[in-house]
Amino acid sequence: MKKALITGVLGQDGPYLAKYLLKKGYKVYGMVPRRLNLNFYNTDYLGITNKIEFVLGDMTDEASLINIIRNTWPDEIYNLAAQSFVGASWDQPKLTTETNALGPLYLLNVIRNFTPNTKFYQASTSEMFGNNGRELQDENAPFAPQSPYGISKLYAYWIANNYVESYGLFCCNGILFNHESPLRGQDFVTRKISEGVAKIKLGLADKITLGNLEAERDWGFAGDYVEAMFKMMQQKKPGNYVVATGKKYSVKDFLETAFNCAGIKNWKKHIIINPTYKRPAEIHGLRGNASRARKELKWKPKVKFRELVAMMVDADLKRLNEKKK
Ligand code: F7E
């Protein structure tokens with residue numbers, strides 16, 4: 001039986017990936033930090049909490065990573081743990097860097113020293129491209145990150161590539177563009193909108209407070225994107241792949257679609273703009289060209305933009321209705 005270790009297993013992507021790997025017959029270890037009140041909401045939502053073996057560890061504690069890997073000997077490690085909220089990376093740049101940049105370095109050193117055949121997936125991001133002046137990004141586009149988050153992720157991207165070159169390890173970077181789902185954290189704009197719209201629909205709120213509505217992103221479904229992660233890890237040679245839909249929409253488009261899905265007219269009257277939610281530096285637009293993944297991994301996104309928005313609004317309506325009962 002193949003064994004996989006997922007860091008960040010309680011986030012958004014971890015549960016989707018765990019479910020996918022369990023279906024493929026993997027033994028799944030999920031790394032969780034030692035904390036009071038751990039929240040298993042997302043693994044519960046997918047009905048897999050009791051199928052994962054949880055192991056305690058922290059990306060900033062190298063010894064804990066050594067212990068986990070030497071105790072579990074995974075065939076594949078999917079490094080999804082991160083301080084993943086771009087906005088917070090200006091408030092906590094050191095924590096962001098320790099978790100997102102040094103954490104992967106620690107993992108790579110454990111692999112190098114103890115389990116050199118373990119394959120390593122690094123959750124890289126379109127944030128690394130920043131405002132590079134290009135309209136469409138592929139694996140060869142230049143990097144120009146705009147946030148402490150993007151910069152920390154760029155270190156991890158390069159160190160993973162460097163360990164392939166230097167030590168012959170098998171490391172893949174999945175350069176994922178924004179990917180969303182009903183499991184998305186409530187701070188991210190898509191979930192803020194889907195939850196806000198659901199609350200307005202049910203009469204529980206009247207306004208959603210947001211920042212920059214002009215920003216454009218390439219939004220896909222997280223459940224589709226974890227398949228690309230798995231597929232790149234099954235290739236003969238390690239590689240870096242852009243994972244994206246190739247279509248870009250603004251925050252305003254997301255808003256309009258979400259209100260429309262809920263059958264609410266006149267969406268503008270429900271929006272408040274608060275500069276607190278604007279970032280010190282913003283990436284204006286991001287759109288990815290996933291041709292390499294399409295060709296080599298035979299991967300393509302299944303869920304379209306409107307379906308994704310509808311899925312998220314429906315899920316929040318359902319949750320809030322259940323809470324009401
Ligand atoms: O912001 C704008 C905001 O926080 C999207 C992470 O998964 O994807 C994600 O990063 C856009 C930005 O995601 C609000 O300024 C407006 O332009 O949902 P977000 P993100 O920063 O794109 C990448 C690929 C990752 O790797 C990250 O880990 O929406 N925006 N008003 C707002 N954003 C938030 N959060 N809240 C607002 O009120």
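These legends describe close-up views of a predicted model. Local features need pLDDT of at least 70 and side-chain atom pairs pLDDT 80 or more, whereas totals for chains, interfaces and linings use all residues. Residues are numbered from 1 along each chain as its sequence is written, and side-chain values use heavy atoms, without hydrogens and water.

**View A. Strand β5 (residues 119-125) and its burial.** Helices (DSSP H or I, at least four residues) and strands (E, at least two) are numbered from the N terminus. Of the 7 residues of β5, 7 are buried, so the strand is largely enclosed by the rest of the structure; buried means under 20% relative accessible area, exposed over 50% and partly exposed in between (1.4 Å probe, protein chains only). Lys119, Tyr121, Ala123 and Thr125 lie on one side, and Phe120, Gln122 and Ser124 on the other.

**View B. The strand partners of β5.** Strands pair if DSSP finds at least two bridges between them. Strand β4 (residues 76-79) runs parallel to β5, joined by 4 bridges, and Asn79 stands opposite Gln122. With β6 the pairing is also parallel, over 6 bridges, and Ser124 stands opposite Ile175.

**View C. Helix α10 (residues 305-324).** The 20 residues reach 29 Å from first C-alpha to last, close to the 28 Å expected at 1.5 Å a residue (1.5 Å times one less than the number of residues). Among the buried residues of α10 are Phe305, Leu308, Met312 and Leu320.

**View D. The loop holding Asn266, between α8 (251-261) and β13 (271-273).** Asn266 is exposed, with a relative accessible area of 56%. The C-alpha atoms of Asn266 and Glu256 are 9.1 Å apart, with the residues 10 apart in sequence.
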